[in-house]
Amino acid sequence: MSAPTASAAPGNAVAPANTGHPRRWAILGVLVISLLVVVLDNTVLNVAMRTIADPQKGLGATQSQLEWAINSYTLVFAGLLFTAGILADRLGRRITLTVGLALFGVASLVSAYSGSADQLIWARALMGLGAAAVMPSTLSIIANVFDPRERGRAIGVWAGAVGLGVAIGPIVGGLLLEHFWWGSVFLINVPIVIVGLVLVNVLIPESRDPKPGRIDFVGVLLSIVGLTLLTYGVIEGGDHGFGKIESWGTLAASVVVLAAFALYERRIEFPSLDVRLFANRAFSTSTAMIGLVFFAAMGIMFISAFYLQLVRDYGPLASGALFVPFAVAQMIFAPRSAAMVKRFGPKAVGTTGLLLVAAGLSAWMFIQADTPIWIVGALFFLMGVGMANVMPPATEAIMSALPREKAGVGSAVSNTIRQVGGALGVAALGAVISSIYRDHMESATGNLPAAARNAANESISGAYGVAEHAGAAAPALIQHANDAFITSMHYAAIGSAVFALLGAVVALLGLPGKRPAEAPAPTTAEGLAEEQGVQLVGVGD
């Protein structure tokens with residue numbers, strides 16, 4: 001790192017030297033590549049599900065197997081994110097990122113050439129393990145190579161890359177599926193991973209916690225068990241309803257384990273997570289905002305894929321293209337969010353962003369089968385603008401509450417909340433969709449054979465499958481399925497909007513307002529934490 005130099009500032013003051021790495025912007029580019037491949041793959045599978053379910057073109061996967069091809073990735077990813085952040089701080093962020101990318105690349109290769117749906121499920125779980133190592137490493141490296149004064153803008157670019165990956169995943173998947181076999185949606189990861197591995201080891205410096213203290217084995221184990229139980233309970237609730245013991249019992253067990261984790265972390269000298277950080281209003285508010293906005297948005301984005309591909313009969317490429325406005329909004333507004341926070345304050349920016357997301361979600365209550373498609377694209381753009389002004393300031397507040405040497409833990413908290421919030425949203429809103437859809441379909445499927453009736457009542461995908469063999473009754477069945485799905489989608493939109501509005505209330509009450517012009521911004525993580533009322537005792541020592 002180059003030697004620090006002071007520069008003259010207006011008013012004859014001397015501005016503090018920039019403590020960032022000389023190659024920090026090139027490093028950010030490498031981190032964006034590493035991040036994109038993980039986030040992109042998390043969405044690309046959505047457009048490939050119908051092909052993978054096809055016995056001739058795919059693997060003949062059942063509905064349950066398709067769900068677990070997605071859920072196995074989510075389960076491992078969410079369960080190990082926090083542990084991966086701890087290991088990155090202790091072992092080194094570059095080596096953790098390298099291992100994570102390598103695992104992700106190997107697992108992508110195995111997924112591409114899976115011979116059965118079960119093999120694909122296990123390969124996806126291995127991809128989740130690699131992704132868990134990649135995600136917190138990227139954000140913690142940003143915290144270490146950027147001066148705190150530039151970190152907000154860098155995190156804005158990072159958040160924009162997340163939004164870009166979410167949006168272009170369906171487009172990439174659609175393009176590949178139109179020209180190649182289903183495995184190409186995974187095989188495309190391999191060359192990107194190879195390029196990423198080379199650039200990571202050429203450009204990114206190694207960094208770790210210089211004083212890691214003793215390993216908190218009990219805390220790490222409790223976090224893995226608690227987060228895995230929480231994610232599994234959410235998945236089971238979404239698939240089979242929250243009234244069954246497999247879902248509510250697992251969720252209750254997760255609460256017990258995570259509560260034990262928090263109590264244990266308060267009592268030991270070298271905790272994996274200093275839970276006293278949650279006493280910091282900005283820190284706890286930001287984590288709540290991230291969880292609520294991803295709960296609200298991810299459920300609707302998941303549901304919209306079925307609306308576009310089934311109700312509107314768009315192909316994978318065309319339906320994926322409708323997510324482009326979301327990506328464009330992220331790319332335009334996320335990197336600018338730091339300047340908006342500086343001008344208007346975190347409270348105004350975060351609250352406005354969540355209100356925009358709520359407005360975009362609310363409008364889905366009025367979407368019908370014949371709504372002009374440009375309106376759907378406009379809603380995605382509006383949601384993208386809102387998300388771009390929620391994620392960067394919230395993530396920056398979380399990272400600012402920890403010193404640089406503990407950046408992996410801060411990144412893991414942010415990413416874990418986001419992943420669990422998104423999984424909860426998909427599961428809870430999916431349960432709403434299934435329940436209302438089933439109630440509205442029963443009157444239309446009473447004359448079908450039992451097996452066909454159960455399939456048509458289970459999901460709109462099942463109804464379309466039954467319609468292929470229903471002969472003259474097919475058009476009426478499809479019409480009933482579309483109507484039932486759209487009605488259930490409207491109820492899900494109401495639920496999503498309520499959670500986004502709740503996030504706006506949390507931001508309004510918990511985030512700090514605009515900093516007075518005469519008060520200079522602190523330029524270290526310790527200074528930011530001190531200003532926000534956090535004592536870093538036991539965190540950096």
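This is a short chat about a predicted protein model.

Q: Before we start, what kind of model is this?
A: This is a predicted model, where local features need pLDDT of at least 70, side-chain atom pairs count only at pLDDT 80 or more, and totals for chains, interfaces and linings use all residues. Residues are numbered from 1 along each chain as its sequence is written, and side-chain values use heavy atoms, with hydrogens and water left out.

Q: What share of the contacts join residues 24 or more positions apart?
A: Among contacts with a separation of 6 or more, 81% are between residues 24 or more positions apart. Contact here means heavy atoms within 4.5 Å.

Q: Let's look at some helices. At what angle do α3 and α4 pack?
A: Helix α3 (residues 93-112) and helix α4 (residues 117-145) pack at about 155°, and their axes are 7 Å apart. That makes α3 roughly antiparallel to α4. Axes are lines fitted to C-alpha atoms, for helices over the stretch in contact, and angles run from 0 to 180 degrees between N-to-C directions. Angles under 35 degrees count as roughly parallel, over 145 as roughly antiparallel, 65 to 115 as roughly perpendicular and the rest as oblique.

Q: What residue classes make up the contact of α3 with α4?
A: There are 15 nonpolar, ten polar and two charged residues in that contact of α3 with α4. Ala, Val, Leu, Ile, Met, Phe, Trp, Tyr, Cys and Pro count as nonpolar, Asp, Glu, Lys and Arg as charged, and the others, Gly among them, as polar.

Q: Now α10 and α19: parallel or antiparallel?
A: Roughly parallel, because the axes of helix α10 (residues 281-311) and helix α19 (residues 460-467) cross at roughly 20° and come within 11 Å.

Q: Which residues meet there?
A: Phe306, Leu310 and Val311 in α10 meet Ile460, Ser461 and Tyr464 in α19. By class, the contact of α10 with α19 has five nonpolar, one polar and no charged residues.

Q: Where is Asp313, then?
A: Asp313 is in the loop between α10 and α11 (316-321). Its phi is positive, about 60°, although Asp313 is not a glycine.

Q: Is Asp313 buried or exposed?
A: Asp313 counts as exposed, with 63% relative accessibility.

Q: New topic: which residues of α12 are buried?
A: They are Phe326, Ala327, Ala329 and Gln330. Seen down the axis of α12, these buried residues fall within an arc of 160°, so they line one face of the helix. The arc is that of the directions from the helix axis to the C-beta atoms.

Q: How far is Gln330 from Gly160 in space?
A: Gln330 and Gly160 are 4.9 Å apart, C-alpha to C-alpha, although 170 residues apart in sequence. Gln330 sits in helix α12 (residues 324-333) and has 4% relative accessibility.

Q: Last one: what does Val200 touch?
A: Setting aside neighbours within four places in sequence, Val200 is in contact with Val30, Ser34, Arg94, Leu97, Thr98 and Leu101. Val200 lies in helix α7 (residues 189-203) and is buried, at a relative accessible area of 0%.

Definitions and conventions:
Helices (H or I, at least four residues) and strands (E, at least two) are DSSP runs, numbered from the N terminus. Buried means under 20% relative accessible area, exposed over 50%, partly exposed in between (1.4 Å probe, protein chains only).
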